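Here is a short briefing to read alongside the model. Please have the sequence and the 3D view open as you go.

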Amino acid sequence: MEAAQDLDIGSNTVQEYSIFPQNEYFSVSYGSRSTGDKYVELDQLSFSLWPAYKNYYELVTVSMLDREETPQYILSVTAADAGSPPLTSTQTFTVDISDVNDNAPVFNQTSYTMYVRENNVPTVFVGAVSAGDADVGLNAKVTYSLAPEQGAERPSCSCISVNSENGHVFVLRPLDYEHLRQTEVTVSASDAGSPPLRANVTVRLVVLDENDNAPLVLYPAQDGSPASSELVPVWAEAGYLIGKVVAVDADSGQNSWLSYHLLRATDPGLFSVAVQSGEVRLRRPVTERDSVKQKLVVLVRDNGKPPLSATAALSALLLKDFSDVRLPHSSPAPEDQDGSLTTYLIISLVFVSLLFLISSAVFVARKACRRKELEAGHVLYGADNLQSGLADAAAAGTLPRAYCYEISLTTGSGNSEFKFLRPILPSLPPQHCENSTIMETQLLEGRCKKNFI
């Protein structure tokens, strides 16, 4: 920078320099060197003006500058003489501070907590991390990645992924609350400076429970083996404790809240089940009309949405004396066998009914066919043949073998001594009616005589 020139002499020449606006970083000093040359100096903290060559000066820094704190400086150097009135001249300088990668990325939170429901779909979005860098340009370009744990080469959890560009966090596969309730990973943010700077943050992933587990009955055991019967004295009063159903649910929160209900029983009015505890008690005193062996089914239901349930089967024996345990309660006939027997009986009944219907249909069909055959087999004689046939019958006293006839019977005719024959005669010409009548009369008389004999 060239020094200010003043054509005056003596005290009217340049006497002092000043900077505007005044600040803590810059000041100007003016003096002479041993050679007699004058100089201007900004000797406060950051910059100084040093003579370089004749009337030229250098603007140099005398302290460390921070671009993130002050990216630009505007300096005004004023030269003033000592005349009266004093005259001044001002020169303005703009100093831009270039960036270096001296700032690491900084996350906007000290830690992150994200939530996902179990049985989630793969690659579900659960949240995002964000970091900023005070530098500019490539020094401020931030990329994200999963950082391995100390001493490990890979991230601790393979179910989480982070987008390197925007910091979005995804869960790659379905999670099961009963196996993994929460996990933590370390996300690293690094800039593109040289050398790159990085920062780490902890992301905690919490798995939320879904109602995907039905209650599990612990007692009585539901493993298919015959259940032992609870012994109840016949003199027991209302409120007598018979037993207790114990169940658990692998879910948590309200999904694991269980309630107990009497689903069915041999005598539903005899028992009651506590909704919260599962205790089975007598609702009323035992009477002589009550069955000795009682069976109950208790429904265990959770409080999830939708609720899931399980059943527990119990049996009770109403005994006068606990020493009398000769009843076959240790090996009762299973209900499954009763159900199978009922099924077999139903199948047998259906089979017999079908067989009867098929036989009836076959019988009716055969009767109809025979009737059609009889109608089709009637022998019709001409007028000449009928006359000769009737004449032969009159001489021999019998009907021709090929003659068709019907027997007409009255009610109760099975015990009667008389049988009436009515021949089936074709339509005859009028001139033969008399012969036909005579022949029919003879036949009837001969048949009646034979029956009396």
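The points below cover the nonpolar cores, one asparagine and an annotated segment. Keep in mind that this is a predicted model.

**Nonpolar cores**
- The largest nonpolar core has 26 residues, and Phe107, Met114, Val129, Tyr144, Val187 and Leu205 have the most contacts inside it.
- At least two residues of this core come from each of β9 (111-117), β12 (142-147), β13 (160-162), β14 (168-171), β15 (182-191) and β16.
- β16 gives the largest share of this core, with five residues.
- Another core lies apart from it and has 23 residues, including Val217, Val280, Val300 and Leu318.

**Asparagine 211**
- You will find asparagine 211 in the loop between β16 (198-208) and β17 (216-219).
- Is asparagine 211 buried or exposed? With a relative accessible area of 12%, asparagine 211 counts as buried because that value is under the 20% cut-off.
- Its side chain makes a polar contact with the side chain of aspartate 302, at 3.4 Å.
- A polar atom of the asparagine 211 side chain also lies 2.8 Å from the backbone oxygen of proline 306.
- Leaving aside residues up to four places away in sequence, asparagine 211 touches Asp251, Asn255, Asp302, Gly304, Lys305, Pro306, Pro307 and Leu308.

**Annotated segment**
- An unreviewed UniProt entry annotates residues 344-365 as "transmembrane region".

Methods:
Residues numbered from 1 in each chain as written. Predicted model: local features only at pLDDT ≥ 70, side-chain atom pairs only at ≥ 80, totals over all residues. Heavy atoms only, no water. UniProt positions renumbered as here; feature names shortened; annotations may be inferred. Helix = DSSP H or I, 4+ residues; strand = E, 2+ residues; numbered from the N terminus. Buried < 20%, exposed > 50% of the residue type's maximum accessible area, 1.4 Å probe, protein only. Polar contact = N/O pair within 3.5 Å; in protein donor to acceptor, adjacent residues only side chain to side chain. Contact = heavy atoms within 4.5 Å. Core = buried A, V, L, I, M, F, W, Y, C linked by side-chain atoms within 4.5 Å.
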